[in-house]
Amino acid sequence: MRGTIIYAGGFELPDKNAAAHRVIANAKILKKIGYNVVFVSPKNEITDNKNLVFSEILGFEAWEYPKAKGKLGIIRKNFEYKYLLETVKKYNDITAIILYNYPSFGLFNVRRYSKKKDIKLIGDITEWYQPLNPFVKLDSFLRMRYLNKKMDGLICISTYLTKHYKKNISNIITVPPLIDKNDQKWNELSRHIKKSNDNKIHLIYAGSPGRKDKIKLIIESIEGFNNLELSVIGLNKKDIKSTIPNNVTFHGRLSHSESLVKLKYSDFSIFIREVNKVSKAGFPTKFVESISMGIPVITNNTSDLLDYFEDDIGYLIPNYSKKELIKIFETIDSNGIEISKKMKSILIEKKDSFDICKYEEKFIDFVKGLCI
């Protein structure tokens, strides 16, 4: 082994959020090139224990602590670095610490510790939040404008972020969300979910829209297209404050594996995002999962998506509006199944675009640059 790398942040292992999928994929690459990767993260289910709880998750050592909740949760997150430093002391071969979108106060203290102990500090940056809460807004400002520029290296999820930090950080790589195609869930079809034979064109939205995804716009735009069926995963009907057309079905929250099976049996996946700093700086995991499953995507131009639409793999709307969406729905309403089949045949060669094996060399060069 080339040493231990601590990977810390607000991800909920093994697969509770998109962040967990990202860090697991990156950790698999680091493990493959010779590092022992140890996770430090909060766990919702730990409620009556203030100490670190050890477990093994997907072949990695993990130290978990109670998740900060309630009105003071935002402040408490800034003190979670104490769990991280407690974990660091359990290992005598730490070569680097990776902080995933870490709170500014915690980041400041971990940086001070790492410099003292000569441990490389790396940031995994996937978001540029635009919070409404003044405290969180200050936290985001300090992290994005100042503290991230003091790291030894950065793993950025988009070229937008890479360009932003390029002047200050020499060791920097752009890594979108990745998957491991050897993981069984990418090749498994459920016995319980069957493909519909109703000759309708099936679209799917899966996720937690929050303030970024315009699911209501999609639902309003699809009304009246009787050949189109939209499945919404992650939400219930009552979550949408609007009239729901008959061709929209809500499935509520499903496991990640069940969502992938639903995606596999769809003709198109769809998501629309407002174009702002948040969507430019991020990278939609939904896009990665859809391409990796070989399913054409209907979306608008955010992040680095334009780079992937050189081939006919879906529809990339320049901006987003009801008028633009309706135009796409009119196109696929009559012969969407044939269009989808043609795009799926192109996607056969693109399905491994986000596989971890494609990024191994990039990580090797990155750690060489850090001399670890």
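The structure is a predicted model, in which local features need pLDDT of at least 70 and side-chain atom pairs count only at pLDDT 80 or more, while totals for chains, interfaces and linings use all residues. Residues are numbered from 1 along each chain as its sequence is written, and side-chain values use heavy atoms, with hydrogens and water left out.

**Aromatic pairs**

- Rings of Phe, Tyr and Trp (the six-membered ring of the latter) are taken as a pair if their centres lie within 6.5 Å, and the planes make the pair stacked when under 30 degrees apart, edge-to-face when over 60 and tilted for the rest; the count by this rule comes to 18 aromatic pairs.
- One of these is the tilted pair of F79 and F105, with 5.2 Å from centre to centre and 55 degrees between the planes.
- Because F79 lies in the loop between α2 (73-76) and α3 (81-88) and F105 in helix α4 (residues 104-117), this pair ties together parts that are 26 residues apart in sequence; helices are DSSP runs of H or I with at least four residues, strands are runs of E with at least two, and both are numbered from the N terminus.
- F79 counts as partly exposed at 39% relative accessibility, and F105 counts as partly exposed at 36%.
- The rings of F283 and F287 form an edge-to-face pair, because their centres are 6.3 Å apart and their planes stand at 65 degrees; F283, at 7% relative accessibility, counts as buried.
- Ring pairs also link Y7, F11, F39, F60 and Y100 into a cluster.

**Charges over rings**

- A charge sits over a ring if NZ of Lys or CZ of Arg is within 6 Å of the ring centre and within 35 degrees of the ring normal; the charged end of K31 sits in this way over the ring of F60, 5.0 Å from its centre.
- The charged end of K90 likewise sits over the ring of W63, at 4.6 Å from its centre.

**Strand β9 and its partners**

- Five of the six residues of strand β9 (residues 201-206) are buried, so β9 is largely enclosed by the rest of the structure.
- Strands pair if DSSP finds at least two bridges between them; β9 and strand β10 (residues 228-233) run parallel and are joined by six bridges, with A206 opposite I233 in β10.
- β9 also pairs in the parallel sense with strand β12 (residues 268-270) over two bridges, where I204 stands opposite S269.

Definitions and conventions. Buried < 20%, exposed > 50% of the residue type's maximum accessible area, 1.4 Å probe, protein only.
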